[in-house]
Amino acid sequence: MASVTSLTASVHQRLADALSAALPEAGTADPLLRRSDRADYQANGILALAKKAKANPRELATKVVDAIDAPDLLKDVEVSGPGFLNVTVTDKAITENLAARAADGDRLGVPYAEKAGTTVVDWAQPNVAKEMHVGHLRNSVIGNSVVKILEFTGEKVVSRHHIGDWGTQFGMLVQYLIEHPDALGHQAADGTEQAGEEAMSSLNRVYKESKVLFDSDEEFKTRARRRVVDLQAGDPETLAIWQRFVDESKVYFYSVFNKLDVEIADEDIVGESGYNDMLAETCRMLEESGVAVRSNGALCVFFDDVKGPDGNPSPLIVQKSDGGFGYAATDLSAIRDRVFNVKADTLLYVVDARQSLHFKMVFETARRAGWLTDDVKAVQLGFGTVLGKDGKPFKTREGETVRLIDLLDEAIDRASAIVREKAQDLSEEEIAERGAQVGIGAVKYADLSTSAVRDYKFDLDQMVSLNGDTSVYLQYAYARIQSILRKADDVSPKAHPELELADAERALGLHLDQFAETVAEVAEEYAPHKLAAYLYQLASLYTTFYDKCPVIKPKPPQDVAENRLFLCDITARTLHQGMELLGIRTPERL
């Protein structure tokens with residue numbers, strides 16, 4: 001089905017045509033239309049046009065009103081103040097527009113982007129042999145949502161999970177295991193093979209033990225560094241142990257992502273090691289082109305506007321003086337791969353805002369090298385820090401970083417208690433399933449409803465609240481509508497454009513009309529928080545509608561009941577689709 005023209009777009013076009021008719025010399029004029037609390041819309045563009053044409057703004061506004069002829073769309077257009085237009089659309093136009101959206105299946109009238117391209121999204125980047133912590137939450141949740149939103153608008157999306165699977169620490173780990181072959185252990189307490197969380201817990205412990213030895217024993221440090229050389233040279237024994245780390249870590253990653261309800265495909269995991277074969281060539285290309293120069297033996301890229309604390313230039317180090325490659329070499333090689341092999345025209349990095357200087361330097365280097373051009377852009381979607389209730393970086397009472405799995409388990413436990421308290425006809429199995437959906441949804445929504453670049457406080461009490469701007473409030477609004485639809489025995493949802501609408505129906509209908517424009521804006525700006533805000537307002541408007549406009553009891557006339565049930569149905573479908581784009585489940589019963 002063709003996309004549905006929004007009421008906003010229709011009104012905008014009619015006013016623009018009337019402006020051109022009233023003031024031909026203005027050409028194609030923008031009426032500057034926006035939603036208003038004085039009417040459905042207000043147009044402010046006449047003031048600037050009148051000033052430019054040296055005309056009286058109220059007289060010009062009156063001419064514009066006289067030039068409008070759209071009785072099916074516009075109920076009233078009145079001149080206000082110095083030359084504003086207050087615009088009210090007809091009830092018929094609202095209902096017909098919603099009916100067209102309802103007929104468009106899951107897309108609900110949301111068009112595909114006119115210029116869809118290929119975007120590589122770099123998100124969810126845990127480290128091999130280390131447990132995932134609260135710091136891995138935001139890049140996973142935000143990245144997952146952005147991928148879903150871009151795909152929904154027609155963009156071809158390639159996910160890349162740039163896991164930390166290479167470097168000095170792996171020489172240290174491998175050497176420690178060779179010298180302490182029983183340190184890792186293969187079996188769980190019950191005698192079965194360790195897997196997932198338990199295997200990672202052992203790996204994490206061994207990592208800490210090896211790090212202590214590395215920092216305190218110079219001879220071990222020397223052996224570990226030699227082992228790094230063996231790893232980079234492809235020594236079979238070293239590679240085999242390293243591969244075991246990677247494989248066991250992946251099993252663990254998948255268990256955490258599964259609990260977070262985030263889907264990760266194995267083919268999308270391309271860690272630091274995936275670019276090893278490109279590093280030397282990347283350095284050669286940068287040096288030969290003059291983009292990078294040797295400084296004290298290291299290969300560096302300098303920037304006029306980047307200085308260190310001492311005021312001297314602070315370069316991007318691509319290759320260290322000892323011949324080792326830094327993060328920059330890997331990131332620049334990844335850009336080459338994503339531009340020339342994947343053929344992406346947008347590279348989106350969902351990474352901590354504190355890495356913004358690094359990526360600014362990497363992107364500028366790639367531009368100087370000609371790898372990023374006017375046709376290929378690179379964007380960092382930087383995100384803020386997860387804070388505790390005290391406003392400080394989130395830590396355990398002992399000052400340790402909070403394990404992500406513990407945080408998710410606590411959210412599920414809290415949510416399950418609420419579901420159990422509210423449940424009327426749910427089995428224990430259903431309570432457990434809903435508890436997970438509500439708990440994980442609460443964690444995701446708290447993150448996504450905050451602008452990515454801002455820090456936010458992790459407050460589970462607030463997150464699982466039934467009141468306020470929470471996913472639980474939205475999920476219960478959806479479940480309430482499903483309950484109404486099930487109870488409407490002899491009434492089916494059906495649009496009735498001939499009916500007058502109550503104020504609460506109009507407000508709900510006009511907001512539903514903005515779904516497509518909201519999704520387009522969210523995709524353009526990589527801003528899931530704007531979709532969360534839209535959905536919260538939708539649920540709030542539905543609550544007002546539900547309170548003021550009876551649907552089943554007391555039962556209104558048949559046509560009114562059908563139309564209100566239609567409004568319920570399209571609201572539920574919009575909530576469901578919007579929450580799906582955020583990566584949050586909407587249970588049918590709660």
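Tutor: Helix 6 (168–179), helix 8 (218–233) and helix 11 each give at least two residues to the lining of the second largest pocket. The model is a predicted one, in which local features need pLDDT of at least 70 and side-chain atom pairs count only at pLDDT 80 or more, while totals for chains, interfaces and linings use all residues. Residues are numbered from 1 along each chain as its sequence is written, and side-chain values use heavy atoms, with hydrogens and water left out.

A pocket is an open set of points on a 1 Å grid over the protein atoms alone, where a 1.4 Å probe fits and protein lies on both sides within 12 Å along at least five of seven lines; its lining residues have an atom within 4 Å of a point. Helices are DSSP runs (H or I, at least four residues), numbered from the N terminus.

Helix 8 contributes the largest share of this lining, five residues. The second largest pocket holds about 750 Å³ of space, a volume being the space filled by probe spheres set on the points, which are joined across faces, edges and corners. It is lined by 23 residues, of which Gly167, Thr168, Gln232, Lys320 and Phe325 are the closest to its centre. By class, eight lining residues are nonpolar, 10 polar and five charged. Here Ala, Val, Leu, Ile, Met, Phe, Trp, Tyr, Cys and Pro count as nonpolar, Asp, Glu, Lys and Arg as charged, and the others, Gly among them, as polar.

Two or more lining residues come from each of helix 5 (137–152), helix 7 (196–216), helix 11 (327–341) and helix 12 (356–369). The lining of the largest pocket comprises 13 nonpolar, 16 polar and 12 charged residues.

Of its 16 residues, 14 are buried, so helix 5 is largely enclosed by the rest of the structure; buried means under 20% relative accessible area, with a 1.4 Å probe and protein chains only. At 1.5 Å a residue, helix 5 should span 22 Å, which agrees with the 23 Å between its end C-alpha atoms; the expected span is 1.5 Å times one less than the number of residues. Just after helix 5, Gly154 has a positive phi of about 105°.

How values were computed
Buried < 20%, exposed > 50% of the residue type's maximum accessible area, 1.4 Å probe, protein only.
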